[in-house]
Amino acid sequence: MLNIAVRAARRAGSIITRAIEKRQDLVIESKSKNDFVTEVDRQAEATIIDVLHRAYPKHGFLAEESGVQNGDAEYQWVIDPLDGTTNFLHGNPQFCVSIALKHNNILDLAVIYDPIRDELYTASQGKGSYLNDRRIRVSNLMSLDSSLLGTGFPFKFPEDLDTYLNTFKALHPLVSDIRRAGSAALDLAYVASGRLDGFWEIGLHEWDIAAGALLIQEAGGYVSDFGGGERYLKTGNIIAGNPKIHKGILQTITPHLNEGLKK
Ligand code: IPD
Ligand code: CA
Ligand code: CA
């Protein structure tokens with residue numbers, strides 16, 4: 001199944017890279033404020049679903065642009081065909097394809113593909129995480145001091161901006177630096193490969209984080225919601241990192257969260 005998912009991710013990646021030069025001609029639709037979609041997102045998603053559906057006609061899907069199909073199936077694919085659409089639209093080369101598979105609601109496979117760098121991240125439950133077939137591990141930094149964190153701004157949820165900024169202000173003096181690169185899925189893949197020591201963001205969707213979460217867990221890291229629990233796929237509030245950095249982020253931001261965000 002991993003091979004089929006990789007085939008689907010690579011096909012979507014070539015649709016995206018071929019479209020970069022023509023991006024000025026794309027019709028850009030706004031799903032909500034600051035949330036854009038183009039025919040490239042849709043074509044990439046349709047291609048992924050086509051490849052997976054031909055191979056596994058009984059499997060279900062949760063995909064960003066087309067929603068749920070066969071939602072009661074034992075196997076569910078969770079798909080973000082283009083994570084980092086705003087970067088893509090600006091020709092900023094930080095975006096990826098993200099595909100995860102859940103079996104009876106447990107993450108089983110993950111593929112994140114960066115078509116610009118031709119970097120393929122894969123993980124299978126219990127079998128570790130890989131970048132282009134080389135085993136990856138989370139970083140081994142022991143404290144926030146000198147860490148490099150990734151994050152995302154809640155640009156779709158202005159009501160959470162003050163809370164978010166309070167978490168940022170609390171972490172900022174404790175770490176080496178913080179990056180906002182614009183693709184949550186790729187940020188999580190970077191945590192899995194040790195390029196970032198940790199990551200936090202408010203209000204993501206399951207398709208942004210499902211594959212990255214398994215990559216991190218299989219690379220020896222921790223992933224949680226903002227209460228330290230396991231509801232991150234549902235709440236979209238995520239803290240990730242190597243075990244020490246994960247704990248450091250959680251402890252640092254907890255006093256700044258309102259009750260509604262402690263999950
Ligand atoms: C977005 C990116 C971004 C994150 C947003 C996501 P999209 O995904 O992951 O980094 O901050 O919240 O929605 O819309 O480009 O697939
Ligand atoms: Ca996304
Ligand atoms: Ca997307």
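**Figure 1. The calcium ion (ligand 3) and its protein donors.** In this predicted model, three residues supply protein donors to the calcium ion (ligand 3): Glu64 (OE), Asp80 (OD) and Leu82 (O). These donors lie 2.2 to 2.4 Å from the ion. Along the chain, the donor residues of the calcium ion (ligand 3) follow the spacing E-x15-D-x1-L. Asp80 is buried, with a relative accessible area of 1%, and Leu82 is buried as well, with a value of 2%.

**Figure 2. The calcium ion (ligand 2) and the bridging residue Asp80.** The protein donors of the calcium ion (ligand 2) are Asp80 (OD), Asp83 (OD) and Asp208 (OD), at 2.1 to 2.2 Å from the ion. Their spacing in sequence is D-x2-D-x124-D. Asp80 bridges the calcium ion (ligand 2) and the calcium ion (ligand 3), and the two ions lie 3.7 Å apart. Asp80 belongs to strand β5 (residues 75-83) and Asp208 to helix α6 (residues 206-218), so that this pair links distant parts of the chain, 128 residues apart. Both Asp80 and Asp208 are buried.

**Figure 3. The open sheet of eight strands.** The strands of this sheet follow the order β4-β3-β5-β6-β7-β8-β9-β10, and their pairing is mixed. The edge strands are β4 (67-69) and β10 (134-136), each of which pairs on one side only. From one strand to the next, the twist averages 20°. Strands of a sheet pair through backbone hydrogen bonds, either parallel or antiparallel. Strand β3 (residues 60-63) and β4 run antiparallel and are joined by three bridges. Within this part of the sheet, Leu62 stands opposite Val68 in β4.

**Figure 4. Two helices that lie across strands of the sheet.** Helix α2 (residues 39-55) lies across β3, β4, β5 and β6 (96-103). The direction of helix α2 is at about 150° to β5. Helix α6 lies across β3, β5, β6, β7, β8, β9 (129-131) and β10. Helix α6 runs at about 100° to β7.

**Figure 5. The salt bridge between Arg10 and Asp118.** The structure holds six salt bridges, and one of them is formed by Arg10 with Asp118. The closest N and O atoms of this pair are 3.1 Å apart. Arg10 is in helix α1 (residues 2-20), whereas Asp118 is in the loop between β7 (106-114) and β8 (119-124); the pair thus links distant parts of the chain, 108 residues apart. Arg10 counts as partly exposed because its relative accessibility is 35%. Asp118 likewise counts as partly exposed, at 39%.

**Figure 6. The salt bridge between Asp114 and Arg117.** The side chains of Asp114 and Arg117 meet in a salt bridge, with an N to O distance of 2.6 Å. Asp114 is buried, its relative accessible area being 0%. Arg117, by contrast, counts as partly exposed, with a relative accessibility of 38%.

**Figure 7. The salt bridge between Glu119 and Arg195.** The side chains of Glu119 and Arg195 meet in a salt bridge at 2.8 Å, N to O. Glu119 lies in strand β8 and Arg195 in the loop between α5 (184-192) and β13 (198-201); the pair therefore ties together parts that are 76 residues apart in sequence. Glu119 is buried, because its relative accessible area of 13% is under 20%. Arg195 counts as partly exposed, at 35% relative accessibility.

Methods. Residues are numbered from 1 along each chain as its sequence is written. Chains are lettered from A and ligands numbered from 1 in the order in which they are written. This is a predicted model: local features need pLDDT of at least 70, side-chain atom pairs count only at pLDDT 80 or more; totals for chains, interfaces and linings use all residues. Side-chain values use heavy atoms; hydrogens and water are left out. A salt bridge is a side-chain nitrogen of Lys or Arg within 4 Å of a carboxyl oxygen of Asp or Glu. Helices (H or I, at least four residues) and strands (E, at least two) are DSSP runs, numbered from the N terminus. Buried means under 20% relative accessible area, exposed over 50%, partly exposed in between (1.4 Å probe, protein chains only). Donors are N, O and S atoms within 2.8 Å of the metal (3.2 Å for Na, K and Ca); water is not among the atoms, so sites may look incomplete. Two strands pair if DSSP finds at least two bridges between them. Axes are lines fitted to C-alpha atoms, for helices over the stretch in contact, and angles run from 0 to 180 degrees between N-to-C directions. Contact means heavy atoms within 4.5 Å.
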